Amino acid sequence: MRKKLFAALVLAAVVAPVWAATQTVTLSVPGMTCSACPITVKKAISKVEGVSKINVTFETRDAVVTFDDAKTSVQKLTKATGDAGYPSSVKQ
């Protein structure tokens with residue numbers, strides 16, 4: 001029984017990363033009204049599990065976020081910015 005469980009865990013550890021994919025999304029954050037706002041937006045996004053890179057720009061009012069789609073989603077990212085007072089949406 002233990003050998004089968006161990007084999008299943010090893011197989012899951014090897015196969016699972018294949019399902020995960022790194023995604024990059026650009027979020028429009030129009031509510032940023034000052035040069036300090038990107039700090040708050042970046043801090044909120046950085047608390048979302050699976051985020052690996054964030055670039056928030058005040059001039060264009062957007063956030064480019066790279067994340068592991070097995071750990072988080074665009075919906076969680078937009079919820080994080082909204083909860084911080086900066087509603088966002090996927091930039092088209």
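The buried residues of α3 pack against β1, α2, β2 and β3; contact means heavy atoms within 4.5 Å, and buried means under 20% relative accessible area, exposed over 50%, partly exposed in between (1.4 Å probe, protein chains only). Helices (H or I, at least four residues) and strands (E, at least two) are DSSP runs, numbered from the N terminus.

The model is predicted: local features need pLDDT of at least 70, side-chain atom pairs count only at pLDDT 80 or more, and totals for chains, interfaces and linings use all residues. Residues are numbered from 1 along each chain as its sequence is written, and side-chain values use heavy atoms, with hydrogens and water left out.

In α3, L77, A80 and T81 are buried. They sit on the same side of α3 because they cover an arc of only 95 degrees around the axis, taken from the directions from the helix axis to the C-beta atoms. Q75, K79 and D83, on the other side of α3, are exposed. G85 follows α3 and has a positive phi, near 100 degrees.

The open sheet has four strands in the order β2-β3-β1-β4, with antiparallel pairing; two strands pair if DSSP finds at least two bridges between them. β1 and β3 are joined by seven bridges, and L27 has A63 as its bridge partner in β3.

| Element | Residues |
|---|---|
| β1 | residues 22–28 |
| β3 | residues 62–68 |
| α2 | residues 37–46 |
| α3 | residues 74–83 |

Terms used. Axes are lines fitted to C-alpha atoms, for helices over the stretch in contact, and angles run from 0 to 180 degrees between N-to-C directions.
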